[in-house]
Amino acid sequence: MAFPTNPIYKLYTSTFDGVVTEMILKESNNIRINIPKDEANTDYQEYLEWVAEGNTAEEAD
Amino acid sequence: MSTLKVDGIRSNSATSDAITLASNGTCTANITNNLSNRNKIINGSMICSQRGSSLAYTGSTNAYLIDRFKFLNAHDGASTVSQSSTSPDGFSNSLKVDVTTADTSLAVSQFSNLGHRIEAQNLQDLGYGTSGAKTITVSFYVRSNKTGNYVFNIQQADNSYKQVSQTYTINSADTWERKTFSFAGDTSGVINNDNGSGLELYWWLAAGTIYTSGSSRSTYTTYANGDAAAGQAVNLFDSTSNEWYITGVQLEVNSSGVATDFEHRSFGQELALCQRYYAMIAEGQNSIIGQAWTTGSNFYSSIDLPVVMRATPTMEVSNWTNAFRAYGPSGGINVSTLALNSESRNNRVLVNQVGNPGAGATLRVYDADSGVYGKLAFTAEI
């Protein structure tokens, strides 16, 4: 999967034993950043600010 | 046996009692050393640096190197932050900022500072927002070849970044100096009892005029850009010869105006406190991540984090060909990265990837990229 550079975020979902978890991906300097949807998480706060500026993340595969 | 009956004990040269004795048989002592758990700063002695020993900052970089201390390089210069062994007596480490590309003329909005955020629920004893709000005393050891006036600034995230500041002077080049400031408690600004940011401490190293055009505030005042670094005369980044060191950072409830001795904690204690905000699980060739098993076309690995983290953590994981390997009875398979699957109570996570190493496999760091081996870390910084 080619990682997007613009938008810089990509959504993804994972499933384990029927439980679906949604998260957000970002990549920087060969490091993949997996961001959970927790409003106390500062990476998620930054993502929400980016969305509030009118941006949209790439949809999950 | 005899009894000494006095109401107080005071130095000949002091203006207040060191020990005050009450009529109910108790006493209050103004002790300046050896009190435990008084330092609100985590890793104030800069001994934990899980992310590495140095990090280059260019342009508008905003990142952690030494645990709990975040450096902002928002100007046209560049710098390297490192964990240094240059330190005052009684310390083993400091945080060093070394200017590698100068910016001799800051634009009005350019700046650089070092920040430390304290979790709000760890500050409830300060009593902010009540009539009994307590005075805090901040102290640190600082050193630079660049003498002159710098600004130390505290902001309250829960109160629209209401702030206080103090200017301090580095008087002698290349000499450790201990600086101490006291700030009266804020009777009107409640620090929420939660896992968010309580107090944010900033050591300014350079500031454009947007941040210096106001007035230095000695009591908590509504945030204004111009007040934040008012009094900052030094631009540390005006020469590649410049460097700045800090260690022994302490914030304590203390109204005496005299900082107590720095409270040293063991490396294990300090690391455990840091891991609430950042935990390096595996790093370097063959570092073990954990056991793995296969279900369908995916393998999974459950990882116990060292401590319960502040919030649901972000996973930082290397991503290049063969960065990781799962080896089991069915042979080994190599994967380029791992995906975060789910988490529970901020201390246990499940990662997965496509592949089938069979049952009972072990997941580890494998191939390097440009000589650097992979890592898996979790972050819940404030």
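Select Ser139(B), which is buried, with a relative accessible area of 0%; buried means under 20% relative accessible area, exposed over 50%, and partly exposed in between, with a 1.4 Å probe and protein chains only. This is a predicted model, in which local features need pLDDT of at least 70 and side-chain atom pairs count only at pLDDT 80 or more, while totals for chains, interfaces and linings use all residues. Residues are numbered from 1 along each chain as its sequence is written, chains are lettered from A and ligands numbered from 1 in the order in which they are written, and side-chain values use heavy atoms, with hydrogens and water left out.

Ser139(B) belongs to strand β8 (residues 136-144) of chain B; helices (H or I, at least four residues) and strands (E, at least two) are DSSP runs, numbered from the N terminus. Now display its surroundings. With residues up to four places away in sequence set aside, Ser139(B) touches Arg178(B), Lys179(B), Thr180(B), Gly248(B), Val249(B), Gln250(B) and Ala259(B), where contact means heavy atoms within 4.5 Å. Which side chain makes a polar contact of 3.2 Å with that of Ser139(B)? The partner is Arg178(B). A polar contact is a pair of N or O atoms within 3.5 Å; within protein, one must be able to donate a hydrogen and the other to accept it, and residues adjacent in sequence count only if both atoms are side-chain atoms.

**Two backbone positions**

Most residues other than glycine have a negative phi. Select Arg68(B), a non-glycine residue whose phi is positive, about 75 degrees. Arg68(B) sits in the loop between β4 and β5 (70-84) of chain B and is buried, at 2% relative accessibility. Next select Asn37(B), also not a glycine, with a positive phi of about 55 degrees. Asn37(B) lies in the loop between β3 (27-29) and β4 (54-64) of chain B, and its relative accessible area of 65% makes it exposed.

**Salt bridges in chain B**

Select Arg38(B) and Glu252(B), whose side chains form a salt bridge of 3.9 Å, N to O; the term denotes a side-chain nitrogen of Lys or Arg within 4 Å of a carboxyl oxygen of Asp or Glu. Arg38(B) is in the loop between β3 and β4 of chain B and Glu252(B) in strand β13 (residues 243-253) of chain B, so the bridge ties together parts 214 residues apart in sequence. Arg38(B) is buried at 11% relative accessibility, and Glu252(B) is buried at 1%.

Then select Glu381(B) and Arg51(B), which meet in a salt bridge of 2.8 Å, N to O. Glu381(B) is in the segment after β23 of chain B and Arg51(B) in the loop between β3 and β4 of chain B, 330 residues apart. Glu381(B) is buried, with a relative accessible area of 5%.

**Chain A**

Colour chain A by secondary structure: its pattern along the sequence is β-β-β-α. Buried residues form 39% of its 61 residues. Select Glu58(A) and Lys10(A), joined by a salt bridge of 2.9 Å, N to O. Glu58(A) follows α1 (42-52) of chain A and Lys10(A) is in strand β1 (residues 10-16) of chain A, so the pair connects parts 48 residues apart in sequence. Glu58(A) is partly exposed at 30% relative accessible area, whereas Lys10(A) is buried at 2%.

**Where the chains meet**

Show both chains and select the contact, which takes 27 residues from chain B and 19 residues from chain A. How much area is buried between chain B and chain A? The value is about 1700 Å², with carbon and sulfur atoms giving 48%; buried area is the accessible area (1.4 Å probe) that two parts lose on being put together, summed over both. Highlight Thr314(B), Asn319(B) and Asn341(B), which supply 28% of the area that chain B buries against chain A, more than any other three residues. Between the chains there are 16 residue pairs in polar contact, both at pLDDT 80 or more, and zero salt bridges. On the side of chain B that touches chain A, the elements giving two or more residues are β17 (314-318), β20 (339-344) and β23 (375-379).
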